[in-house]
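Visitor: Can you walk me through this one? I have some quick questions.

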Amino acid sequence: MTGTHLNYYNVCHRKLWLFANGINMEHTSDLVYEGKLIHEEAYPQRPERYEELEIDGIKLDFYDARNKVIHEIKKSDKVEDAHRWQVKYYIHVLERNGVEGVTGILEYPTLRRTEKVELNDEDREKLKAIEAEINAIIESDVCPPVIHNRICRQCSYYEFCYVEE
């Protein structure tokens with residue numbers, strides 16, 4: 001499971017199922033491209049000070065190993081709760097690998113806003129349940145239905161989901 005799986009779980013189960021089953025639309029999305037540009041351009045000094053870290057299927061935007069802080073950059077705060085849970089999952093993965101005392105910072109450079117993210121015992125329990133639900137969704141033979149939400153219009157899967165309408 002990756003941070004993307006956890007993020008999509010909190011946004012749309014259909015998007016999660018499609019992504020996990022190899023239907024990837026992100027490469028055609030201008031919004032996804034814009035997010036990548038923000039990641040690359042917003043903090044040009046970051047690669048010198050922090051490192052990108054890949055561990056257990058996750059990829060952290062930037063990790064400050066000295067202070068044990070995950071920096072996750074997002075374009076917009078429209079699905080803020082999904083962003084928080086993604087960072088909590090990253091903290092959980094680092095803890096699972098023996099790194100204690102990790103915190104996270106969600107950064108919204110275009111909004112000039114940051115938010116500290118921490119993981120508590122209640123979150124750890126909820127993550128176990130979420131992981132089980134994600135696996136059930138991914139392993140299902142049936143794609144979840146369209147959710148018909150305002151956020152759908154900004155989704156890279158929009159045309160795929162609404163092709164019949």
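Visitor: Where is H148 found?
Guide: H148 is in the loop between α6 and α7 (158-161). Helices here are DSSP runs of H or I with at least four residues, strands are runs of E with at least two, and both are numbered from the N terminus.

Visitor: What is phi of H148?
Guide: Phi is near 50 degrees, a positive value in a residue other than glycine.

Visitor: And is H148 buried or exposed?
Guide: H148 counts as exposed because its relative accessibility is 53%. Buried means under 20% relative accessible area, exposed over 50%, and partly exposed in between, with a 1.4 Å probe and protein chains only.

Visitor: What kind of model is this?
Guide: It is a predicted model: local features need pLDDT of at least 70, side-chain atom pairs count only at pLDDT 80 or more, and totals for chains, interfaces and linings use all residues. Residues are numbered from 1 along each chain as its sequence is written, and side-chain values use heavy atoms, with hydrogens and water left out.

Visitor: What pLDDT does the protein chain average?
Guide: The average is 86, and 85% of the residues score at least 70. pLDDT is the predictor's confidence in each residue, from 0 to 100.

Visitor: Which elements have the lowest and the highest mean pLDDT?
Guide: Helix α3 (residues 30-41) has the lowest, at 55. The highest belongs to α6, at 97.

Visitor: How many helices and strands are there?
Guide: The protein chain has 7 helices and 5 strands. From the N terminus, the elements run α-α-α-α-β-β-β-α-β-β-α-α.

Visitor: Now the sheet. What is the strand order?
Guide: The order is β1-β2-β3-β4-β5, in an open sheet with mixed pairing. Two strands pair if DSSP finds at least two bridges between them. The edge strands are β1 (51-55) and β5 (113-117), each pairing on one side only. The twist averages 35 degrees from one strand to the next.

Visitor: In which sense do β1 and β2 pair?
Guide: Antiparallel, over 4 bridges, with β2 covering residues 58-64. E51 has Y63 in β2 as its bridge partner.

Visitor: What about β4 and β5?
Guide: β4 and β5 also pair in the antiparallel sense, over 5 bridges. G104 stands opposite V117 in β5. The two strands form a hairpin with 4 residues between them. R112 in that turn has a positive phi of about 55 degrees.

Visitor: Where is K68, and what is its phi?
Guide: K68 is in the loop between β2 and β3. Its phi is positive, about 55 degrees, although K68 is not a glycine. K68 counts as partly exposed, since its relative accessibility is 32%.

Visitor: Which strands does helix α5 lie across?
Guide: Helix α5 (residues 80-96) lies across β1, β2, β3 (69-73), β4 (103-108) and β5. The helix runs at about 150 degrees to β4. Axes are lines fitted to C-alpha atoms, for helices over the stretch in contact, and angles run from 0 to 180 degrees between N-to-C directions.

Visitor: L94 next. Buried or exposed?
Guide: L94 is buried, with a relative accessible area of 2%. This residue is in helix α5.

Visitor: What is L94 in contact with?
Guide: Leaving aside neighbours within four places in sequence, L94 is in contact with L53, I55, L60, Y63, I70, V99 and V102. Contact means heavy atoms within 4.5 Å. The C-alpha atoms of L94 and D56 are separated by 8.9 Å, and these residues are 38 apart along the chain.

Visitor: Back to the helices. At what angle do α1 and α6 pack?
Guide: Helix α1 (residues 3-11) and helix α6 (residues 121-139) pack at about 85 degrees, with their axes 10 Å apart. They are therefore roughly perpendicular; that label covers 65 to 115 degrees, with under 35 roughly parallel, over 145 roughly antiparallel and the rest oblique.

Visitor: Which residues make the contact?
Guide: From α1, they are H5, L6 and Y9. From α6, they are L127, I130, E133, I134, I137 and I138.

Visitor: Which residues of α2 are buried?
Guide: In helix α2 (residues 13-20), R14, K15, L16, W17 and L18 are buried. Their cover includes α1, α6 and α7. After α2 comes G22, with a positive phi near 85 degrees.
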